[in-house]
Amino acid sequence: MKTILAPIDFSDVTDAVVKEAAALAKALNGRVILLTVLQPPVVMTEYAALLDNIAELTAAGERNASNQLEKIERELKAAAIPTETSQTAGSPIAHIIEEAKVREADYIVMGSHGHTALYDLLVGSTTHGVLLRARCPVVIVPAADSKRPANVRKERAAAAT
């Protein structure tokens, strides 16, 4: 049975990632591992009054992510796709690579948010980091066309005709 690791972050591209991972699992008689990696909140010392709420906010975020993972897991299992979930906190790239190694993933299916090169340069790209470090094929699901700049949408439409 093939293992498809699907890191998701509950952004706009999540539904497309889950759909692609499910299709791959069906085609390969595989299973889907849904992974979400929660990033700890960044704490600024000027906002020390808010520090009291950090644990509460973090716990609420973990519960919310867990509920969303369970919902997606139920939907995939209802479609007869073997599914497991995993939730952790920390650096997304490191955890995705480690989970792929531990689960012996045959594929990683993940989304691209369609940020600009400048954004990726300044902030970094999880997708790019995983591509550089993965030991298995990585399937990239692009962001929705509505999020792409108009000139890119036009070029894609022209290329399709």
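Mentor: Contact here means heavy atoms within 4.5 Å. The model is predicted, so local features need pLDDT of at least 70 and side-chain atom pairs pLDDT 80 or more, while totals for chains, interfaces and linings use all residues. Residues are numbered from 1 along each chain as its sequence is written, and side-chain values use heavy atoms, without hydrogens and water.

Trainee: Which residues does Ile-8 touch, not counting those up to four places away in sequence?

Mentor: Ile-8 meets Thr-14, Val-17, Val-18, Leu-34, Leu-35, Thr-36, Leu-69 and Ile-72.

Trainee: What makes a group of residues a nonpolar core?

Mentor: Its members are buried Ala, Val, Leu, Ile, Met, Phe, Trp, Tyr and Cys residues, joined through side-chain atoms within 4.5 Å. The largest such core in this model has 17 residues, and Ile-8, Val-17, Val-32, Leu-34 and Leu-76 have the most contacts inside it. At least two residues each come from strand S1 (3-7), helix H1 (14-28), strand S2 (31-38) and helix H2 (51-78); these are DSSP runs, H or I of at least four residues for helices and E of at least two for strands, numbered from the N terminus. H1 gives the largest share, five residues. A second, separate core has 12 residues, including Val-37, Ile-96, Ala-134 and Cys-136.

Trainee: Why is Glu-73 called buried?

Mentor: Its relative accessibility is 16%, and buried means under 20% relative accessible area (exposed is over 50%, partly exposed in between, with a 1.4 Å probe and protein chains only). Therefore Glu-73 counts as buried. Glu-73 lies in helix H2 and, leaving aside neighbours within four places in sequence, contacts Leu-34, Thr-83, Glu-84 and Thr-85.

Trainee: Is Thr-127 buried or exposed?

Mentor: Thr-127, in helix H5, has a relative accessible area of 11%, so Thr-127 is buried. Beyond residues up to four places away in sequence, Thr-127 touches Met-110, Gly-111, Ser-112 and Ile-140.

Trainee: At what angle do the axes of H3 and H5 cross?

Mentor: The axes of H3 (residues 92-102) and H5 (residues 126-133) cross at roughly 40° and come within 9 Å. That makes H3 oblique to H5, because angles under 35 degrees are roughly parallel, over 145 roughly antiparallel, 65 to 115 roughly perpendicular, and the rest oblique. The axes are lines fitted to C-alpha atoms, for helices over the stretch in contact, with angles from 0 to 180 degrees between N-to-C directions.

Trainee: Which residues meet there?

Mentor: From H3, Pro-92, Ile-93, Ile-96 and Ile-97 meet Thr-126, Gly-129, Val-130 and Arg-133 of H5.
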